[in-house]
Amino acid sequence: MRVLTGLVLLVSSVLLAGPALLGVKTLMTAESLVSGTALFAAFVLVVSSASIAIFAQLGVLALTRRRAPAGPPSMPMPLAGTPVSEATPVEPAGTGRRSLRIVPFLLAALALLPGCTAAPAAQAATPAACGSASPEQVVANAALRAGKAEPAPQRVSVPLGSQVRLGVSVDAAADIHVHGYDLEYPVTPGQPTCIVFVASRAGLFDVEAHPDTLLLQLEVK
C-alpha cells in the first residue's frame, strides 16, 4: 500500500509539469506582465511548482521509508573480566531523509527548464494580429520605398527589458533583420508586418532591410 501511494504521488508530480510549462510559456509571450492572463499564468505556475515539490517529496519518502523494528535488538552481556570494546559510531537517524528532501526541488527545476529554454524570444504577425499597442510597449515604425527608408533612419530609445512593437511595410519583397537579437522575417508588399519582442540586451542595434538598407536603430539601455 505504501509503495502504491508513493507511485501515485510521483506520477501526479510529473503530470503537474504540464500546467507549469504552460504558465511559463504564457508569461514569456504575454504582451504585459500585469494583464489578467499573465497574472493567472503566474498563479498557475506557482501552485503547480509547489505541488510538484510537495508530491515528489512525499512520494520519495513513501517509497524509501522503512518500517521500524518491533523492539531493540538484544545485546549479549560481556563476561566478567572481558574488556568492553568501544561503541562503533552510528550515523544519526534522519540524515538520509534530509538528503532526500533535495530531490523534489531538483525534479521541479528540471521539469521547468525545457519550457524556459524553448520559449520564443519574439513573434511576427500582421498588425491586426498584434492589436493596438499597450502603454508598456515602445512603438517604432519604418517603411521601405524605392530602396530607401521612410522616414529617414532614426534612433529609437528603448528601456532595457521593455517590449518593442516594430511595424514595417515595404513596396518590394525584403527580409527585415533586427541585429543583435537574431530576428529575421520576410515582408511582402501590401502586407505590413508587426514584430514584437522583448529588448533584453543592451546596446545599439540596427534594423535593416536586407541586404544593406538601414531602416532605424534601437538604442537599448
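Predicted model: local features only at pLDDT ≥ 70, side-chain atom pairs only at ≥ 80, totals over all residues.
**Ground rules.** Local features need pLDDT of at least 70, side-chain atom pairs count only at pLDDT 80 or more, and totals for chains, interfaces and linings use all residues. Residues are numbered from 1 along each chain as its sequence is written, and side-chain values use heavy atoms, with hydrogens and water left out.

**Rings.** I searched the whole structure for aromatic pairs and found two. Rings of Phe, Tyr and Trp (its six-membered ring) pair if their centres lie within 6.5 Å; planes under 30 degrees apart are stacked, over 60 edge-to-face, the rest tilted. Y181 and F197 are tilted, at 5.2 Å centre to centre and 50° between the planes. Y181 sits in the loop between β6 (174-178) and β7 (183-187), and F197 in strand β8, 16 residues apart. Strands here are DSSP runs (E, at least two residues), numbered from the N terminus. Y181 and F205 are edge-to-face, at 5.0 Å and 65°. F205 belongs to strand β9, 24 residues from Y181. I checked burial (under 20% relative accessible area, 1.4 Å probe, protein chains only). Y181 and F197 are buried, and F205 is buried too. Ring pairs join Y181, F197 and F205 into a cluster.

**Charge.** I found R201 over the face of Y181, 5.9 Å from the ring centre. The test wants NZ of Lys or CZ of Arg within 6 Å of the centre and within 35 degrees of the ring normal.

**Sheet.** I traced an open sheet of five strands, β4-β10-β9-β6-β7, with mixed pairing. Pairing takes at least two DSSP bridges between two strands. β4 and β7 each have a single partner strand, so one side of each lacks a neighbour in the sheet. β4 and β10 run parallel over four bridges. R155 stands opposite Q217 in β10.

Methods
Buried < 20%, exposed > 50% of the residue type's maximum accessible area, 1.4 Å probe, protein only.
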